[in-house]
Amino acid sequence: MTSTSSETRPFNAADLGTLVVMAWSGEAPDGDMPYLLAYPLGDAPDGPEAATAAVTELLTSSGLPIGGELVDAAAKPSLPVSMLVEAGQAVVTLPGCNAQCTPPPEWLAAVGERGYAYLVFTTRPWPDAEPGKPVDPEEFAAFAGAEETLTAAAHVVLPARKLRG
């Protein structure tokens with residue numbers, strides 16, 4: 001007789017490999033929209049497929065559907081996903097991990113005006129865009145706007161939180 005274990009493996013942030021967050025703003029009918037793109041480099045110890053699987057598990061276990069449905073984090077206060085904007089930095093936090101970036105001034109102005117950012121957190125690895133290295137704007141637009149990137153992503157409107165002082 002064969003049995004299958006229903007035990008789930010505990011989340012291990014190392015399985016994600018390197019997570020990268022990039023900030024940009026884009027024109028919208030009602031003013032600039034602040035966006036965040038989060039993605040794995042695909043450098044997990046067990047390779048790109050393992051990084052994709054780990055990001056998928058991270059997002060779905062956090063209550064974020066992959067593939068289209070927009071989640072408004074302000075309407076779901078129990079959602080374990082948040083964004084802190086402080087001292088010129090943006091930090092996205094999910095259970096067991098966080099990712100940080102230094103947004104451009106126009107992004108900070110847009111998030112200051114709106115009070116939120118639109119996060120696209122994709123499971124699709126992008127090994128060409130490493131932290132600290134410049135990214136060609138056309139390559140960025142091609143990756144961020146690709147159907148493969150967007151359909152493999154959770155889409156979240158995240159309120160901008162600040163430290164209380």
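Biologist: Which exposed residues does the face of α2 turned away from its buried side carry?

Modeller: Some ground rules come with that. This is a predicted model, where local features need pLDDT of at least 70, side-chain atom pairs count only at pLDDT 80 or more, and totals for chains, interfaces and linings use all residues. Residues are numbered from 1 along each chain as its sequence is written, and side-chain values use heavy atoms, with hydrogens and water left out. Buried means under 20% relative accessible area and exposed over 50%, with partly exposed in between (1.4 Å probe, protein chains only). Helices (H or I, at least four residues) and strands (E, at least two) are DSSP runs, numbered from the N terminus. On that face of α2 you'll find Pro 105, Ala 109, Gly 112 and Glu 113, which are exposed.

Biologist: And which residues of α2 are buried?

Modeller: In α2 (residues 105-114) they are Trp 107, Ala 110, Val 111 and Arg 114. Seen down the axis, they fall within an arc of 95° (taken from the directions from the helix axis to the C-beta atoms), so they line one face of α2. Their cover includes β1, β2, β4, β5, β7 and β8.

Biologist: What about α1: which of its residues are buried?

Modeller: Ala 51, Ala 54, Val 55, Leu 58 and Leu 59. They span an arc of only 130° around the axis, which puts them on the same side of α1. Glu 49 and Ser 61 are exposed on the face turned away. Gly 63 follows α1, again with a positive phi, near 85°.

Biologist: Now pockets: how much space lies in the largest pocket?

Modeller: The idea is that rolling a probe the size of a water molecule over the atoms shows where empty space is left. Here, the largest pocket holds about 250 Å³. Of the 18 residues that line it, the closest to its centre are Val 20, Val 21, Met 22, Ala 23 and Cys 101. A pocket is an open set of points on a 1 Å grid over the protein atoms alone where a 1.4 Å probe fits, with protein on both sides within 12 Å along at least five of seven lines; lining residues have an atom within 4 Å of a point.

Biologist: Which strand gives the most to that lining?

Modeller: β1, with six residues.

Notes: Grid points are joined across faces, edges and corners, and a volume is the space filled by probe spheres set on the points. Contact means heavy atoms within 4.5 Å.
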